[in-house]
Amino acid sequence: MKYWLSHHGQSLWLALKRLLRNPFASTLNIGVIGIALSLPAGLYVLLDNLESLSRQVSSEPQISLFLSMQATPADVAQIQTRLKDHPGVRQFQFVPRDKALRELQKTAGIGDAVQSLTQNPLPDAFIIQAKNSSAQGLEALRSEISSWPNAAHVQLDSLWAQRLEAFLRLGKLVILLLAILLSIALVAVTFNTIRLQILTQRDEIEVAKLIGATHRFIRRPFLYFGALQGLAGGVIAWVIVAVSIEVLGKAIGDLTRLYTISFQLSHLNMSDSGSLVLFSAWLGWLGAWLSVSRHLRQIEPR
Amino acid sequence: MISLSQVSKRYPGGYDALKSVSLTIDPGEIVAVTGHSGAGKSTLLKLIAAIERPTRGSIIVNGQNVSKMRPSAIPYLRRNFGLVFQDHKLLFERTVFENVLLPLQITGYARQESAKRVRAALDKVGLLGKEKTYPITLSGGEQQRLCIARAIVNRPTILLADEPTGNLDAAYASDIMGLFKSFNQVGATVIIASHDEFMVQLLNPRLLKLDHGELVS
């Protein structure tokens, strides 16, 4: 056990030495890994932010039913009972036209303009929450209600939020594909680096085999090398993302302030950061493992 | 104990390096395999160390059948051997000390114990003062002695040496033969392949003579 640990320590140290022996090549490799990973990671952060923004502004989807101006209190009562009996309606709220006007008057800026009106331009309205809040369910309910008598206008609120959500889903899919493709590229980069290392250390590997080294013994430093390189690449990717968010965050803060929304770009959280770095290390390890399994067998002492 | 029975080795292309060789080497023996170049001396040593596999016949080393061994078991077999090569097979990017350390790293010794053993082995071959230098700065004789230090640092039970004095002048060569002799005196089996019969006579060994792949005496 002690020996096993000490050999792992030795392998790690050897891998680190090899990484530092060619600082230029190592920097290039780590840079490539970092940049390639920062792209999907950065997009993921942006999308994550958009998602939280959309959650901030959109609540549950609602249907607004505006009655025609000619509707009498009897018509209103009839629609009320219809809504009460309707199986697709979870909950509804009646907004009488007087109340709507009062609400409007309270709104800063346009209160004075409303006060100058001679008559109330607003219709009676119902705000309806559907039982089935899927896009199709809402749309079906909307078209049904709009065929009722005295229904002047039926509007699906927060439909845009659903569209945004669909876009976000699409965006996530794109990021996933991008991440998969770039991961394969990273595995290939490590594969090749390790292949070159094996070739330059051919003599050493051959002698080690002659002296009685197991495959595992020879393989271990290469695996550590791949994992270390991936780890460093992951850290670089994290730094790129963090710096980009810092730079973009200021500009976006200025922009959203103009729209009177307070919005702050958030960084990768701890667990996402950890996953990024560990995933990158794992990719490096995988590339090294594939390379070593393939090339080590070809070196047999003669 | 090493025992070969009816061992043949045919290389791809139809060249027969060994033809039906049977022999037994007891523990603690000192054996010299002689013969002209191409007689099969190197092949015999490589078969014993499982560097090559026989085409026919069986090779038993310490009770294990080398010819039927799984590839994953071979490293553990090789740890019984100390191998000395004509071309030394030293690692030039490692220091003298690190070259000798390699077998101990592979077998897994604690750092302090390893350093002690490496220094003892270097002392034995007279290279203790050069532990921090690189093999490229050593003379041919010194490189060969370094190769021997690496072979004995693990205290193997069997020492295999292929043309250990091939490129050396007589003074160096007898020096190295002396090392093998002293190693044999502490109980190790020593097998030396050499074309130089006069040199190996210094060891007073059992002589195995190969001629065109056949054991003639």
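**What share of the 302 residues of chain A counts as buried?**

Start with the term: a residue is buried if 20 or more other C-beta atoms lie within 10 Å of its own, exposed if 12 or fewer, and partly exposed in between, with C-beta atoms placed from the backbone. By that count, 24% of the 302 residues of chain A are buried.

Some ground rules before you go on. This is a predicted model, in which local features need pLDDT of at least 70 and side-chain atom pairs count only at pLDDT 80 or more, while totals for chains, interfaces and linings use all residues. Residues are numbered from 1 along each chain as its sequence is written, and chains are lettered from A and ligands numbered from 1 in the order in which they are written.

**Exercise 1. List the elements of chain A and judge its overall spread.**

Step 1. Helices (H or I, at least four residues) and strands (E, at least two) are DSSP runs, numbered from the N terminus. Chain A has ten helices and four strands.

Step 2. Read from the N terminus, their order is α-α-β-α-β-α-α-β-α-β-α-α-α-α.

Step 3. Chain A is more spread out than a compact globule, because its radius of gyration is 32 Å, well over the 19 Å that the globule rule gives for 302 residues. The radius is taken over C-alpha atoms, and the rule is 2.2 Å times the number of residues to the power 0.38.

Step 4. Along the principal axes, the C-alpha atoms of chain A fill a box of roughly 100 × 40 × 30 Å.

**Exercise 2. Work out how the strands of chain A are arranged.**

Step 1. Two strands pair if DSSP finds at least two bridges between them. In chain A, four strands make an open, antiparallel sheet in the order E2-E3-E1-E4.

Step 2. Strand E2 (89-95) and strand E4 (151-156) of chain A are the edges, each pairing on one side only.

Step 3. Look inside the sheet: E1 (residues 63-67) and E3 (residues 125-130) of chain A pair over four bridges. Here Leu65(A) stands opposite Phe126(A), and Ile63(A) has Ile128(A) as its bridge partner.

Step 4. Six bridges join E2(A) to E3(A), and Val95(A) faces Ala125(A) in E3(A).

**Exercise 3. Find where chain A touches chain B.**

Step 1. Two residues are in contact if their C-beta atoms, placed from the backbone, lie within 7 Å. This gives 14 residues of chain A in contact with 13 residues of chain B.

Step 2. On the chain A side, helix H1 (2-21) and helix H8 (202-211) each supply at least two residues. H8(A) gives the most, with six residues.

**Exercise 4. Which residues of H4(B) are buried, and what covers them?**

Step 1. Check the length of helix H4 (residues 111-125) of chain B: at 1.5 Å a residue its 15 residues should span 21 Å, and its end C-alpha atoms are 21 Å apart, which agrees. The expected span is 1.5 Å times one less than the number of residues.

Step 2. The buried residues in H4(B) are Val118(B), Ala121(B), Leu122(B) and Val125(B). They lie on the same side of H4(B), because they cover an arc of only 95 degrees around the axis. That arc is of the directions from the helix axis to the C-beta atoms.

Step 3. Turned away from the buried side are the exposed residues Gln112(B), Glu113(B) and Lys116(B).

Step 4. The cover over the buried residues of H4(B) includes H3 (96-107), H5 (140-152) and H6 (170-185) of chain B.
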